[in-house]
Amino acid sequence: MKLYHFGLIFTVIAAGFLVTAQICSVTAMKEEEIRRTEYDCLVAAVNAAVSAAFTGEESVVTVSGLQQAEEAFFQTLSVLHDGIPDQAGRSAWQTYVPCLVVFDEKGYYRYGYEPGQGYLWSEITVYQEDGIPESFFSETEEILSQYHSLHYTSTKKYRMEKAKEGVWERSLSRACVFAVYAPRLSETAQKEQGIFLYAAAQRVKEAYFVTEDNYCHLPSCERCKTGVVIARYATQKASAEDGAIPCEQCLKGYGKEL
């Protein structure tokens, strides 16, 4: 075999490795984009749930609040992924959420599947200590391990630890919603199945309301009480970014805090 034949074979092999590397790189980028999109959807669903569970200044969730949080969470996932807002669309997403929890000032509630009863909220687990109890983390570890074993036929264990700043979007606290989601990855990511995404959102304590005249008010403002509210924001800055005008009368003296 002549020298140029070896050179040709080497070139073909090198080109093959290059193409394979490019395919792997593109695939990895696509899967990362999918994971980012899935996480964004989860965060949106958790934010919707916490807004539905807690209204006004209340830090204790009601039975109605739990039901509304459940509906808001799964409806958000369904609409963002499939554009389907009905009950059938919401129910389809329940199997992808092994853990949905609402914390309030007294304790926490878990949403999940109970054999013979379907998906429902648990009774309240009352806090016996300050902060989020250690029992919550051990319970969640067990739930995730069981979910992984059921769906991926392995005995992989998951370790949950108390959240630190920057983990799961925000740290866990009382008056918040926490969720774990098993993303629907494509067939090219089968080897990574079993990955869970986490997100948590606290109750927004401050509220700024924009009325139909496009002015932003505090809840105590008389103009807010008598006007038609068209939007709610956590900060005055956020409302201003959407074009709202601060109401000088009710917001006077709060400028340094915004």
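Helices are DSSP runs of H or I with at least four residues, strands are runs of E with at least two, and both are numbered from the N terminus. The model is a predicted one, in which local features need pLDDT of at least 70 and side-chain atom pairs count only at pLDDT 80 or more, while totals for chains, interfaces and linings use all residues. Residues are numbered from 1 along each chain as its sequence is written, and side-chain values use heavy atoms, with hydrogens and water left out.

Q: Why is threonine 76 called buried?
A: Threonine 76, found in helix H2 (residues 63–82), has a relative accessible area of 18%. Buried means under 20% (exposed is over 50%, partly exposed in between; 1.4 Å probe, protein chains only), so threonine 76 counts as buried.

Q: What does the side chain of threonine 76 reach, and at what distance?
A: The backbone oxygen of alanine 72 lies 2.6 Å from the side chain of threonine 76. A polar contact is a pair of N or O atoms within 3.5 Å; within protein, one must be able to donate a hydrogen and the other to accept it, and residues adjacent in sequence count only if both atoms are side-chain atoms. The pair at 2.6 Å therefore falls inside the distance limit.

Q: With which residues is threonine 76 in contact, leaving aside its neighbours within four places in sequence?
A: Threonine 76 is in contact with Ala44, Ala45 and Ala48, where contact means heavy atoms within 4.5 Å.

Q: What makes E5 and E6 a pair?
A: Two strands pair if DSSP finds at least two bridges between them. Strand E5 (residues 176–181) and E6 have six bridges, so they pair, in the antiparallel sense. Valine 180 stands opposite tyrosine 198 in E6. Five of the six residues of strand E6 (residues 197–202) are buried.

Q: Why do strand E9 (229–233) and strand E10 (245–246) stand at the edges?
A: The open sheet has four strands in the order E9-E7-E8-E10, with mixed pairing. E9 and E10 each have a single partner strand, so one side of each is left without a neighbour in the sheet.
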